[in-house]
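Have a look at the model first, then go through the points below.

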Amino acid sequence: MPTTSRPRWATRGPKIVRPIPGPKARSIIKRDERVMSPSYTRSEPLVAGEGWGCYVKDVDGNIFLDLSSGMFVLNYGYSHPRIVSAVEQQLKKLTHFAGTDFYYEAQVELAECLTKITPGNFSKRVYFGNSGAEAVEAAFKCVRWHKRRPRVISFTGAFHGRTFGAMSLSSSNVVHHRYFSPLVPGISFMPYPYCYRCLFRQSYPGCDFLCIEFIREYLRKVIPPEEVAGVIIEPIQGNAGYIIPPPEYFPMLRELCDEHGWPLIVDEIQSGLGRTGKMFAIDHWKVIPDIVCVAKALSGGIAPIGATIANARVMNWEPGAHASTFGGNVVACVAAIEGLKLLKEQKLVKRAAELGRLALKHLKELEEKFKFIGEVRGKGLMIAVEFVKNDKTKRVGTRERDLVLQAALKRGLILFRGGKSVIRIAPPLVISREDLELGLDIFTEAVREVGRKC
Ligand SMILES: Cc1ncc(COP(=O)(O)O)c(C=O)c1O
């Protein structure tokens, strides 16, 4: 954990002193309802006041332990003093410069770091945008430009963002598409290997990888492979509920891409930068992608940034083909550089792997005990608990999941929904072992409370 300026309130576990929402929170939520876009999916009435490490204090003084890293952004915790200080220094020097038309060193330095940590020992190029969706948008445009082909392959359950390109590549929830058509054409969705709920009703192992065979069949009957510009996939699906493909899957997908000369794009926006106990989730499969998209945790939540890191052979578009005024803003770059230093110096990737093993062991014991927990799965600190009505039928347990979330929040624990019936557990990589164990104990109490009712 950060060693300086830790406020006393962020040291002693969660503490609920007022109802959630309390009076100040209620009044802010009322104002919010009058002016904010109704498209946001606010699920809990929590109004943040300040944050530190893995703790958040709401505007009424309630203290929460956040095991969701502020929606998978705060890998270094809230307001890490080193990142805050780097940003403060930068703000005094230069807040913005037209990085698309001129130069500044922080942008180059961050690009150099990213080319070193991403898989693949080849020359790379980096494009900077302002968000995850923009990182994906750039990858999408880049492969179309490079291959001069109209089609892209994506996967069922994918979430890549909400701009038109990224939304068109997504298929995690129909509400993301409803009334927005026509979407970007030429995208074909293949079945993601969700072994717990296999679309082909097979069981791994022994399934003959029908999910890969399906793509091959599609190429024979529906889409000519020579019209495909590339394949985009999340190595571990995020919003769908941390779905982890089996060990053979990515080598097989890579082989398919190589057969047809398709660039493989991996969306590491949620899974990248150490979260899974490897620098990138795709490293678990030892597969080298052509393009990697990152955002969320990159600048530690201090300034928006997204990056698309590509094999230089693939990112060969011409000047003017793509750019964004604020993409790779100097303050965001400085925050990201400091974050990557922390990741290395504090060995946070290894730490995520170790703490993840501890958490997974604890949660697997719950899976054994409670019939409404269907599956616990995870890599590093990217862990999912999937709820069911009963573990034999595997009927989705949305109500059970929601009750556990509420019971946890009542005790001051922030967790995140995923898929139809999943809770995602993704604490900051800097969380102390004690805070993690405390969070897991609170989660266990919440599960027990719901277990008594279900
Ligand atoms: C895997 C993945 N890709 C893309 C995005 C979109 O990122 P943003 O919301 O920053 O546009 C997200 C956001 O949740 C994500 O999880």
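1. P21 sits in the segment before α1 (23–35). Helices here are DSSP runs of H or I with at least four residues, strands are runs of E with at least two, and both are numbered from the N terminus. The bond to check is the one from I20 to P21: that peptide is cis, with omega near 0 degrees.

2. Before you go on, some bookkeeping. Residues are numbered from 1 along each chain as its sequence is written. This is a predicted model, where local features need pLDDT of at least 70, side-chain atom pairs count only at pLDDT 80 or more, and totals for chains, interfaces and linings use all residues.

3. Another cis peptide bond joins S181 and P182, with omega about 0 degrees. P182 belongs to the loop between α6 (164–168) and β6 (187–190).

4. As background, most residues other than glycine have a negative phi, and most peptide bonds are trans.

5. S69 has a positive phi, near 50 degrees, and is not a glycine. You'll find S69 in helix α2 (residues 69–72). Is S69 buried or exposed? It's buried, with 28 other C-beta atoms within 10 Å. The cut-offs, with C-beta atoms placed from the backbone: buried is 20 or more other C-beta atoms within 10 Å of the residue's own, exposed is 12 or fewer, and partly exposed is in between.

6. F209 is a non-glycine with positive phi too, near 45 degrees. F209 lies in the loop between β6 and α7 (210–221). With 19 other C-beta atoms within 10 Å, F209 counts as partly exposed.
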